[in-house]
Structures are given as C-alpha cells and as structure tokens.
Amino acid sequence: MAITVSEREGVVIFKLSGRIITPGITEISETVAETLAGCPSPPRLVFDFKEVTGMDSSGLGALMKVYADIRPHGGAIAVINVNKHVKNLIVMARLITVFKSFESEDDAVAGLMRHP
C-alpha cells in the first residue's frame, strides 16, 4: 500500500494505492495525522481510491477514525474513484452518508469548498 499527498485550494488529496488492509493501516493513520497537523481548519480531505485493489474492515475503520478526528472541527471527507468492492463496504457499514462521493477530483474539491 502507498499514499501520495497533494493539496488543491486548501483541500488535501490522499491518493491511495494497493490493498488497504492490516497491517498497512498504520501508514494511513500516521500520514493523515502528520498532514492534519499543518492543515487549515476546517480540514477538507479527499481520498482517491483509483489505484486501490482491495480494502478490509480495518481500512474502513481507519477512514472512520479520520472522520471522527476531523468532524468536531467542522471537517469533511470526500471519496472518488471508488471501485465496486470498496463501495459495497462503505454501503454495508452505512457510511455512504458520512463520506461525500464525487465522480472526479475537480468535483470533490469544488464540493468540499462549498462545505460550510
């Protein structure tokens, strides 16, 4: 698993690749925590799943922890390029309303910029 971090208009974009499973979950948590330390408030994050080949419940749990950490600060999370497997996990966990889903990075950045 690998993570690439970029930023556009105050929105932080995490491009994930590979399998998001235990034990690689700590890499996601640490990378997000380090990035949030220098992030403006409220944090607006996009997770790009285009290169993700699989994810298990621990991967979903890591995303939920990020959400729980940023929500009290008015933050928001968007997901893009979600494959069928990951989308099924998100739907089964009833998190489809928690993570805003967009078709493209441009749409996600624009959508999060409108987030109050």
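**Ground rules**

I am working on a predicted model, so I took local features only at pLDDT of at least 70 and side-chain atom pairs only at pLDDT 80 or more, while totals for chains, interfaces and linings use all residues. Residues are numbered from 1 along each chain as its sequence is written, and side-chain values use heavy atoms, with hydrogens and water left out.

I took helices (H or I, at least four residues) and strands (E, at least two) as DSSP runs, numbered from the N terminus. I call a residue buried under 20% relative accessible area, exposed over 50% and partly exposed in between (1.4 Å probe, protein chains only). Contact means heavy atoms within 4.5 Å.

**Entry 1: helix H1**

I started with H1, residues 25–37. H1 has 13 residues and reaches 19 Å from first C-alpha to last. That is close to the 18 Å expected at 1.5 Å a residue; the expected span is 1.5 Å times one less than the number of residues.

Which residues of H1 are buried? I found Ile25, Ile28, Thr31, Val32 and Thr35. They cover an arc of only 135° around the axis, so they sit on the same side of H1. The arc is that of the directions from the helix axis to the C-beta atoms. On the face turned away from that buried side I found the exposed residues Glu34 and Ala37.

I then checked what covers the buried residues of H1. The cover includes strands S1 (2–8), S2 (11–20) and S3 (44–55), and also helix H2 (57–70).

**Entry 2: H1 against H2**

How do the axes of H1 and H2 cross? They come within 9 Å and cross at roughly 20°. I used lines fitted to C-alpha atoms, for helices over the stretch in contact, with angles from 0 to 180 degrees between N-to-C directions. H1 and H2 are therefore roughly parallel to each other. The classes are: under 35 degrees roughly parallel, over 145 roughly antiparallel, 65 to 115 roughly perpendicular, the rest oblique.

H1 passes H2 in a right-handed crossing. Right-handed here has the near helix turned clockwise from the far one by less than a right angle, left-handed anticlockwise. I listed the residues that meet: Ile25, Ser29, Val32 and Leu36 from H1, and Ser58, Gly59, Ala62, Val66 and Ile70 from H2.

In H3 (84–92), I found Val86, Leu89 and Ile90 buried. Their arc is only 95° around the axis, which puts them on the same side of H3. Lys84 and Met92 are exposed on the face turned away from it. The buried residues of H3 pack against S3 and H2.

H4 covers residues 105–113, and its buried residues are Glu105, Ala108, Val109, Gly111 and Leu112. They span an arc of only 165°, which again means the same side of H4. Their packing partners are S1, S2, S3, S4 (76–80) and S5 (100–102).

Ile20 lies in strand S2. Is Ile20 buried or exposed? I read a relative accessible area of 1%, so Ile20 is buried. Leaving aside neighbours within four places in sequence, its contacts include Met1, Ile25, Ile28, Phe49 and Gly59. I also took one distance: Ile20 and Ile77 are 57 residues apart in sequence and 17 Å apart in space, C-alpha to C-alpha.

Ile80 is in strand S4. Its relative accessible area is 0%, so Ile80 is buried. With neighbours within four places set aside, Ile80 is in contact with residues including Val46, Phe47, Phe102, Glu105 and Ala108. Thr35 is 45 residues from Ile80 along the chain, and 19 Å separates their C-alpha atoms.

Where is the cis peptide bond? It joins Thr22 and Pro23, with omega about 5°. Pro23 sits in the loop between S2 and H1.

I then looked up positive phi values outside glycine. Glu9 has a phi of about 55°. Glu9 is in the loop between S1 and S2, and is exposed at 55% relative accessible area. Arg94 has phi near 60°. Arg94 lies in the loop between H3 and S5, and is exposed at 71%.
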